[in-house]
Amino acid sequence: MSHRLLEGPKLVLATHNAGKVREVAELLAPWGFEVVSAGSLGLPEPAETEESFLGNARIKALAAATAAGLPALADDSGFSVAALDGAPGVRTADWAETPNGRDYAMAMGKVERLARHASDKRAWFSCALVLAWPDGHTEGFLGEAHGSWIWPPRGANGFGYDPMFVPDGHAETFGEMTPASKHAISHRAAAFAQLAAACLPVRRG
C-alpha cells in the first residue's frame, strides 16, 4: 500500500489545545515544517461524532484542511482504564468538561472514584494521527502506550491525565517525566513514528 508524502512547508495542526500544539510541533521540527494551529487561524472546532479515535481525528483533519486549503494533521487521543471497560476512552476530554473549561484534576478524581476498588490497574493512552489534504485524501495511524494508573497523581509536567499514568517499565508518571523522556515512549510518539515512516520525506543531512 503506497502512502502520500507530505510536502511542505506549511502544515495546519487541527487542534485548539496548546499542549498538543507544542508536542506535535516538537515532533515535526526535524523536518522543518511550519506548523500553524487551527486555533491561531480561527478555524471552528467540528463536532467529534465518531466512536473511535481515528474517526474523530479524520473529522478534525478534513475540516481543517478544507477550511485552510493546506494539509492538516489532527490528533485524537485519550486515556483508557481496563477496569472501566476502556473508559473514558473517546470521551476523555468530555470527562473534564466544566462550565468554566476543562478540569483534569476533577477528571482524574472521577477515574479514581470509579476504579478504586478494582484490582486491575491497567491503563493505556491511545493516539490517532490523521493527515488530510484539501482534496479529501487522508492517512491515519494509531499508537498506544500501556501502563497502569496510580493515585494520588504525581508531577506537573505533561497535561491531561499524565500525572496518574505510569508507563510499563518506568517508575515515573508521564507528569513527572521530562518532555524528552515522555516523547520517546508516548502514544503520540508511537503514532508519529508510523506517520513519519509512511508520509514524511527522508530527512537529508
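Which residue takes a positive phi in the hairpin of E6 and E7? Glycine 136 does, with a value near 95°.

## About the model

This is a predicted model, where local features need pLDDT of at least 70, side-chain atom pairs count only at pLDDT 80 or more, and totals for chains, interfaces and linings use all residues. Residues are numbered from 1 along each chain as its sequence is written, and side-chain values use heavy atoms, leaving out hydrogens and water.

Helices (H or I, at least four residues) and strands (E, at least two) are DSSP runs, numbered from the N terminus.

## The sheet

The open sheet holds 6 strands in the order E2-E1-E3-E6-E7-E8. Its pairing is mixed. Two strands pair if DSSP finds at least two bridges between them. The edge strands are E2 (34-37) and E8, and each pairs on one side only. From one strand to the next, the twist averages 35°.

## Strand by strand

E1 and E3 (residues 72-81) pair in the parallel sense, over 2 bridges. Valine 12 has alanine 72 in E3 as its bridge partner.

E6 (residues 122-132) and E7 (residues 138-149) run antiparallel, joined by 11 bridges. Cysteine 127 has glycine 143 in E7 as its bridge partner. The hairpin of E6 and E7 has 5 residues between the strands. E7 also pairs with E8 (residues 165-167), in the antiparallel sense, over 3 bridges.

Helix H2 (residues 53-68) lies across E1, E3, E6 and E7. H2 runs at about 155° to E3. Helix H5 packs on the sheet too, touching E3, E6 and E7. The direction of H5 makes about 155° with that of E7. Axes are lines fitted to C-alpha atoms, for helices over the stretch in contact, and angles run from 0 to 180 degrees between N-to-C directions.

## The cores

A nonpolar core is a set of buried Ala, Val, Leu, Ile, Met, Phe, Trp, Tyr and Cys residues joined through side-chain atoms within 4.5 Å. Buried means under 20% relative accessible area (1.4 Å probe, protein chains only). The largest core has 20 residues. Those with the most contacts inside it are Leu28, Leu73, Leu131, Phe192, Leu195 and Leu200. E1 (10-13), H1 (18-28), E6 and H5 (187-199) each supply at least two residues of this core. H5 gives the largest share, 6 residues.

Leucine 28 touches Leu11, Phe33, Val35, Leu73, Phe192 and Leu200, not counting residues up to four places away in sequence. Contact means heavy atoms within 4.5 Å. A second, separate core has 18 residues, including Phe79, Val81, Met108 and Met177.

Note on methods. Buried means under 20% relative accessible area, exposed over 50%, partly exposed in between (1.4 Å probe, protein chains only).
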